[in-house]
Amino acid sequence: MYVAVKGGEAAIANAHKMLADRRRGDRSLPAITVEQLVEQLGLAVDRVMAEASLYAPALAALAVKQARGDMIEAIFLLRAYRTTLPRFGASRPLETGEMVAERRVSATYKDLPGGQVLGPTFDYTHRLLDPELVADAPVDQAPAREHEGEPLTRVSDILAREDLIERAFTGDPAEMPEEPSGDLTREPMEFPMPRDLRLQALARGDEGFLLALGYSTQRGYGRTHPFAGEIRIGEVEVEMDVPELGFAVSLGRIRVTECQMVNQFAGSATLAPQFTRGYGLVFGQSERKAMAMALVDRSLRAGELGEDRVAPAQDEEFVISHADNVQATGFVEHLKLPHYVDFQAELDLVRRLRAEFEAARTGKDDETVREAAE
């Protein structure tokens, strides 16, 4: 660190005080509370939870406050806290078909069982600044949705009835294969990577990076023609098997966003033409991230489906190795640390190369040119 800077540790302590002062801001204004962040900046809190891999709204809000709104710094803080928590088991797979959906839309079917549920979304706003928000104008209570709380039929199930989409396990989660899911936070990455680990990496990957990759697939950098089969946001129950009891117990409910992208597949010698899936699932309300994740998931399945890998979004090692914003931040920001010795070596090398260049250009020897430069 910058211990050689004048003042040493005292200077660093003062930097911390300045940071705290800037974070507090104008003392004549009330300090923002964690509860306010959870309730009024919920989408920021959701992003921090998703990319830190920890569902804890209050802690995520605290991280946003501590980071002064720097989302990646907040993700870093919450992920660091996550490493201190004990792990005592794994939950059963989420049954998203039983989701209590507050939003469910599909771009593939106009008339769905249960209907299109628009829910809380910016999609139909005019993207104009609202001056009434400055004055904190009263807000009407949201209307209750008809048949709220009833499970909604999945679009993929409609296609599956005609055998038009690749199969996915839809039975009792307790009957799924006993293969344990991987854990990127405990095991080093190895390529090629199974899909469960890829999805884990994408779920905690940087939203902006995945969005750019997803966009690239739509612009032709990868053979995809996606349809948003279904996007749903709502609460699902988290259950855990307890061997001593012999049955699963509920740990509570969490809000998630799920996206299933539907992509055409021409088939192969052993598979009939059908639709294939790209899948995204993230904590909280974050459909842009879930959609981007689903696009990239489908692109990364190119090898599995016998397609040529010709684009960045189809390159597993490229995508997974660069999707993590905490790792990316650490590698980029380490450049702020002192590199005095390295730079002096580079500086000496450039001086010698310039001397050789001038000597070749003027016909003088290197030593004469170097002395003239000094």
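Arginine 68 is partly exposed, with 49% of relative accessible area. That arginine sits in the loop between α4 and α5 (71–82), and its phi is near 60°, a positive value in a residue that isn't glycine. Keep in mind that this is a predicted model. Here's a quick tour, taking in the loops, a helix pair, the sheet and the aromatic pairs.

- Arginine 127 is another non-glycine residue with a positive phi, here near 55°.
- You'll find arginine 127 in the loop between β1 and α6, and at 60% relative accessibility it counts as exposed. The cut-off matters here: exposed means over 50%, so arginine 127 at 60% is exposed, while arginine 68 at 49% is put down as partly exposed.
- There's a cis peptide bond running from phenylalanine 191 to proline 192, with omega near 0°.
- Proline 192 belongs to the loop between α6 (155–161) and α7 (195–203).
- Leucine 29 is in the loop between α1 (9–24) and α2 (34–40).
- With a relative accessibility of 51%, leucine 29 counts as exposed.
- Going from leucine 29 to glutamine 66 takes you 37 residues along the sequence and 17 Å through space, C-alpha to C-alpha.

**How α3 and α4 cross**

- Helix α3 covers residues 42–52 and helix α4 covers residues 57–66; their axes come within 9 Å and cross at roughly 105°.
- Angles of 65 to 115 degrees count as roughly perpendicular, and α3 and α4 are therefore roughly perpendicular to each other.
- On the α3 side, the contact is made by Val45, Val48 and Met49. On the α4 side, Pro57, Ala60, Ala61 and Val64 meet them.
- Sorted by class, that contact between α3 and α4 comes out as 7 nonpolar residues, with no polar and no charged ones.

**The sheet**

- 4 strands make up an open sheet, ordered β1-β2-β3-β4, with antiparallel pairing.
- Which strands stand at the edges? They are β1 (100–105) and β4; each has a single partner strand, so one side of each has no neighbour in the sheet.
- From one strand to the next, the twist averages 25°.
- β1 and strand β2 (residues 226–242) are joined by 5 bridges in the antiparallel sense. To find your way into that pairing, look at alanine 101, whose bridge partner in β2 is glycine 234.
- Between β2 and strand β3 (residues 247–265) there are 16 bridges, again antiparallel. Here valine 242 has phenylalanine 247 of β3 as its bridge partner.
- The hairpin of β2 and β3 has 4 residues between the strands, and in it glycine 246 takes a positive phi near 85°.
- β3 and β4 pair over 10 bridges, antiparallel as well. One spot to check is glutamate 258, with leucine 281 as its bridge partner in β4.

**Aromatic pairs**

- How many aromatic pairs turn up when the whole structure is searched? The search finds 2.
- Tyrosine 55 and phenylalanine 283 form an edge-to-face pair, at 5.2 Å centre to centre and with 75° between the planes.
- Tyrosine 55 lies in the loop between α3 and α4, and phenylalanine 283 lies in strand β4 (residues 274–283), so this pair ties together parts that are 228 residues apart in sequence.
- Phenylalanine 209 and phenylalanine 318 make a tilted pair: the ring centres are 6.4 Å apart, and the planes are 45° apart.
- That pair also links distant parts of the chain, with phenylalanine 209 in helix α8 (residues 207–218) and phenylalanine 318 in helix α10 (residues 316–322), 109 residues apart.
- Phenylalanine 318 is partly exposed, at a relative accessible area of 34%.

Conventions
Residues are numbered from 1 along each chain as its sequence is written. This is a predicted model: local features need pLDDT of at least 70, side-chain atom pairs count only at pLDDT 80 or more; totals for chains, interfaces and linings use all residues. Side-chain values use heavy atoms; hydrogens and water are left out. Axes are lines fitted to C-alpha atoms, for helices over the stretch in contact, and angles run from 0 to 180 degrees between N-to-C directions. Helices (H or I, at least four residues) and strands (E, at least two) are DSSP runs, numbered from the N terminus. Angles under 35 degrees count as roughly parallel, over 145 as roughly antiparallel, 65 to 115 as roughly perpendicular and the rest as oblique. Contact means heavy atoms within 4.5 Å. Ala, Val, Leu, Ile, Met, Phe, Trp, Tyr, Cys and Pro count as nonpolar, Asp, Glu, Lys and Arg as charged, and the others, Gly among them, as polar. Rings of Phe, Tyr and Trp (its six-membered ring) pair if their centres lie within 6.5 Å; planes under 30 degrees apart count as stacked, over 60 as edge-to-face and the rest as tilted. Buried means under 20% relative accessible area, exposed over 50%, partly exposed in between (1.4 Å probe, protein chains only). Two strands pair if DSSP finds at least two bridges between them.
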